[in-house]
Amino acid sequence: MKSGRLWSWIIFALGAAYFLLPLLATFEFSLRIRREGYTFDAYTSVFSDGRFQASFSYSLIVGICAIVVGLLIVVPAAYYVRLRAPHLRPIIEFITLLPLIIPAIILVFGYIRMYNTSSPLPLLGTNLGTDILLTLAYVALALPYMYRAVDTGLRTIDVQTLTEAANILGANQATIIAQVIFPNIIVAVLSGAFLTLAIVIGEFTIASLLNRQVFGVYMQNIGANRAFEPAALAVISFVITWGAMGMIQLLARFAPKTARRD
Amino acid sequence: MATEFLRQEFLRIEKLVKTFGGNQVVKGVDLAFDKGEFVSLLGPSGCGKTTILRMIAGFERPDSGRILVEGKDISGLAPNQRKIGMVFQAYALFPNMNVADNIGFGLKIAGMPKPQREARVEEMLKLIGLSGYGKRYPFELSGGQQQRVALARALAPSPRMLLLDEPLSALDAKIRVSLREQIRQIQRELGITTVFVTHDQEEALSISDRIVVLNTGNVEQFGQPFEIYNRPQTRFVATFVGTLNTLNATVADAGQKTVTLGGTTVTIPALPASARNGEAVALTMRPEAVSLANGAARDIVLDGKVAEVSFLGSVIRLKVDLGDNAVNLDTFNDPRTPPPEHGAPVRVGIASSDVLVLDK
């Protein structure tokens, strides 16, 4: 029994080392910008760079827009499939998996071909159009995570009975989704939202080919020209991602409780 | 007689049919309920009782037939237009809302101003005996309390009818009994027409004005509890509602309504006119119609041995082996007299007027 426990700890320590050592090494490297000792100058340099602020803000705004659009599409769709068309679930799940199967570069070339200036819908002809296209691309990219998060949330509640209970009390479908279903899957929705944000913050391919100055593109530029700042940026990215994950855990505590004491 | 005179039809179901994937679960049901009446739809799983309730609520559309409330066809209306309250088996309280918000949900949807809404919620909390529970969340309540809140939520918008879909099934035995009494009391107080779905015959018998016994999508019998229990019209009703003894006999003289049972010839007033001499016939009776033969009022007397003794508290149920037949009988528990022992010889008596002959 005791040796089994020891082996568990050894395996855990090896796994932790595999993930943590490169991160610690990167962090340590990011502090060595000066010969005389460790400093946070690389971080100061990154945070004071106007391009960092601009690209990060832009990524954040596009990410939030992608979350809102994604939720407006995914929540009603997942709700409808669960309530009225459970036979469509395998098809919907397959469709939502497509962004994982089709590489982002294929997606973006498709967009460029479909929405260029000589197409019937020339979204790429204007900055706003390109921003919209980028947002929609991120919605597609985050679809597998968003759909699964929402679907998992819907599984934790009795969607049909809650819908019927609200319906017979006079509520229409929109009210039911907004006031009964959505508040009860809010934690799952936020999980999907933070995952989307994490994906958008680090995305490079689509934004680069659509010529948008997002955070991923900024990181690539810095990485090509500087030594210590990219390490600082990598650590910052990890902190953002882990911060998002931490928020998911934190918000889970405020989830509406469904457990009963009978 | 006076109540008969005051009766006013409220809900009418006409030739209601519903099929799921080729399986017809409701087969042309016709029913009419009176205003303020408490009617139970009773039957085993798959008999169509919940489907009928869901069609009344509007959650299922009938394949054919009509549902009329006060003479108006509501079959085409959406559930949120029917002004019907419903309580579900699984409580279905909204987990994100506290008790007050749950009860006030229907009122809020209807656009009732906040002060009136709050007053109505307080009134409903008082009605269900949960004053002061408004700020609690559903997960902080017991099953019985949750179901009372669900009842208050259904009643708050003053619906014209209340539907109860096995609301007591998820509760433990004691709470079930007290809650069913409370439901009945509230229903009487408000005078609201109520349709109650259950598979529990004791529940249906104790709470209802009338009972609809359903089997495989058909109405087997519709009547008052006393009638359903004592004068079942079909073998299904007789066996499903309560316990039934069956004794195999042979028709001796159909004209005289006599049969041969255990070597003796007895007169059975309920023997149908269609019976023929020499024909095998099944005589049925409730356990309480059979007694240990110490009373002179029982005209059928049979000898047997005690095969089983079940102590049920206030009642002792005995199974008596009569050779070719066996009967269950109930006797009151007398603390001064121990129950008969297994294998003891006993004599049982049956009043022939209590014997039913069910051929369906």
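This is a predicted model: local features need pLDDT of at least 70, side-chain atom pairs count only at pLDDT 80 or more; totals for chains, interfaces and linings use all residues.
Biologist: Start with Phe182(A). Why is Phe182(A) called partly exposed?

Modeller: Its relative accessible area is 26%. Buried means under 20% and exposed means over 50%, so a value of 26% falls in between and Phe182(A) counts as partly exposed.

Biologist: Where does Phe182(A) sit, and what is Phe182(A) in contact with?

Modeller: Phe182(A) belongs to helix H8 of chain A, residues 173–184. Leaving out neighbours within four places in sequence, Phe182(A) is in contact with Val75(A), Ile177(A) and Val189(A). Pro76(A) is 106 residues away in sequence, yet the two C-alpha atoms are 9.6 Å apart in space.

Biologist: Now chain B. What makes Lys83(B) exposed?

Modeller: The cut-off for exposed is over 50%. Lys83(B) has a relative accessible area of 62%, so the label exposed applies. Lys83(B) sits in the loop between strand S5 (72–73) and strand S6 (84–87) of chain B. Its phi is near 55 degrees, a positive value in a residue other than glycine.

Biologist: Why is H7(A) described as mostly covered?

Modeller: Nine of its 10 residues are buried, and each of those nine therefore has under 20% relative accessible area. The buried ones are Val159(A), Thr161(A), Leu162(A), Thr163(A), Glu164(A), Ala165(A), Ala166(A), Asn167(A) and Ile168(A). After H7(A) comes Gly170(A), with a positive phi near 110 degrees.

Biologist: How do buried residues come to be called a nonpolar core?

Modeller: They have to be buried residues of the nonpolar kinds on the list, joined through side-chain atoms within 4.5 Å. The largest such set here has 76 residues. The members that touch the most other members are Val180(A), Ile181(A), Leu11(B), Phe94(B), Met161(B) and Leu163(B). Helix H3 (residues 50–83) of chain A gives the most to this core, nine residues. Apart from it there is another core of 30 residues, among them Val87(B), Ile103(B), Ala150(B) and Leu155(B).

Biologist: Which residues does Val180(A) touch?

Modeller: Setting aside residues up to four places away in sequence, Val180(A) touches Leu162(A), Ala166(A) and Thr175(A) in chain A. In chain B, Val180(A) touches Phe94(B), Asn96(B), Met97(B) and Phe105(B).

Biologist: What lines the largest pocket, and how is its lining split by class?

Modeller: It has 16 lining residues, and nearest its centre lie Ala100(B), Asp101(B), Arg117(B), Glu118(B) and Val121(B). Helix H3 (99–109) and helix H4 (114–127) of chain B are the elements that give two or more residues to the lining. H4(B) gives the most, with six. The classes come out as five nonpolar, four polar and seven charged residues. Asp101(B), Arg117(B) and Glu118(B) are among the lining residues, and they count as charged because Asp, Glu and Arg are in that class. The pocket holds about 330 Å³ of space.

Biologist: How much space lies in the second largest pocket, and what lines it?

Modeller: About 280 Å³. It is lined by 15 residues, and closest to its centre are Arg84(A), Glu164(A), Asn167(A), Phe59(B) and Pro79(B). Helix H7 (residues 159–168) of chain A supplies the largest share, four residues. This lining has four nonpolar, seven polar and four charged residues.

Biologist: How do you know that chain B has domains?

Modeller: The domain assignment gives domain 1 (2–240) and domain 2 (245–357). Their centres, taken over C-alpha atoms, are 39 Å apart. Seven residues of domain 1 of chain B are in contact with six residues of domain 2 of chain B, which means heavy atoms within 4.5 Å.

Biologist: Last one: how many helices and strands does chain A have?

Modeller: Chain A has 12 helices and zero strands. Of its 262 residues, 39% count as buried.

Technical notes
Residues are numbered from 1 along each chain as its sequence is written. Chains are lettered from A and ligands numbered from 1 in the order in which they are written. Side-chain values use heavy atoms; hydrogens and water are left out. Buried means under 20% relative accessible area, exposed over 50%, partly exposed in between (1.4 Å probe, protein chains only). On a 1 Å grid over the protein atoms alone, a cavity is a set of points where a 1.4 Å probe fits but cannot get out, and a pocket is an open set with protein on both sides within 12 Å along at least five of seven lines; lining residues have an atom within 4 Å of a point. Grid points are joined across faces, edges and corners, and a volume is the space filled by probe spheres set on the points. Domain bounds come from an automatic or database domain assignment.
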